[in-house]
Amino acid sequence: DWRQWAQSAQFRPNLYGDLATWQIFAAVSYERFCRDLREILDIAGTDSVLLGTDSPMFSALVPNEQFVQILRDLPRKAPSGIQFTDEEVAAILGGNAQTVFGL
């Protein structure tokens, strides 16, 4: 359960999670995806979340390019009452991985 991970990550700065398998969730239930992702970022911190996909398993249904675009669009297309910043999205899409893996 992502809530248990987020609560643990809140107190463990070296605990990271990724968004693997979330591309289906983002495409099918966008509002819930946004709400849950916002909660993860608020609890665990933006620095703890990395881009991940379950490619090629779900690529036929939601191509990686589409999932990345969904994430890029979050600051402008999130449902009313849910906000994301361009900085948060940039961190998820690669900034955090660069830091974690020293790239």
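Is R38 buried or exposed? I found R38 buried, at a relative accessible area of 16%, where buried means under 20%, exposed over 50% and partly exposed in between, with a 1.4 Å probe and protein chains only.

I noted that this is a predicted model, in which local features need pLDDT of at least 70 and side-chain atom pairs count only at pLDDT 80 or more, while totals for chains, interfaces and linings use all residues. Residues are numbered from 1 along each chain as its sequence is written, and side-chain values use heavy atoms, with hydrogens and water left out.

I then searched the whole structure for salt bridges (a side-chain nitrogen of Lys or Arg within 4 Å of a carboxyl oxygen of Asp or Glu), and the search gave 6.

One of them joins R38 to D42, with the closest N and O atoms 2.9 Å apart. Both residues lie in helix α3, 4 residues apart, about one turn of the helix; helices (H or I, at least four residues) are DSSP runs numbered from the N terminus. D42 is exposed, at 53%.

I also looked up R3 and E39, whose side chains meet in a salt bridge at 4.0 Å, N to O. This pair links distant parts of the chain, since R3 sits in helix α1 (residues 2-11) and E39 in helix α3 (residues 30-44), 36 residues apart. R3 is partly exposed at 36%, and E39 is partly exposed at 31%.

My last pair was K77 and D73, with a salt bridge of 3.5 Å, N to O. K77 counts as exposed at 55%, whereas D73 is buried at 17%.

Terms used: Helices (H or I, at least four residues) and strands (E, at least two) are DSSP runs, numbered from the N terminus.
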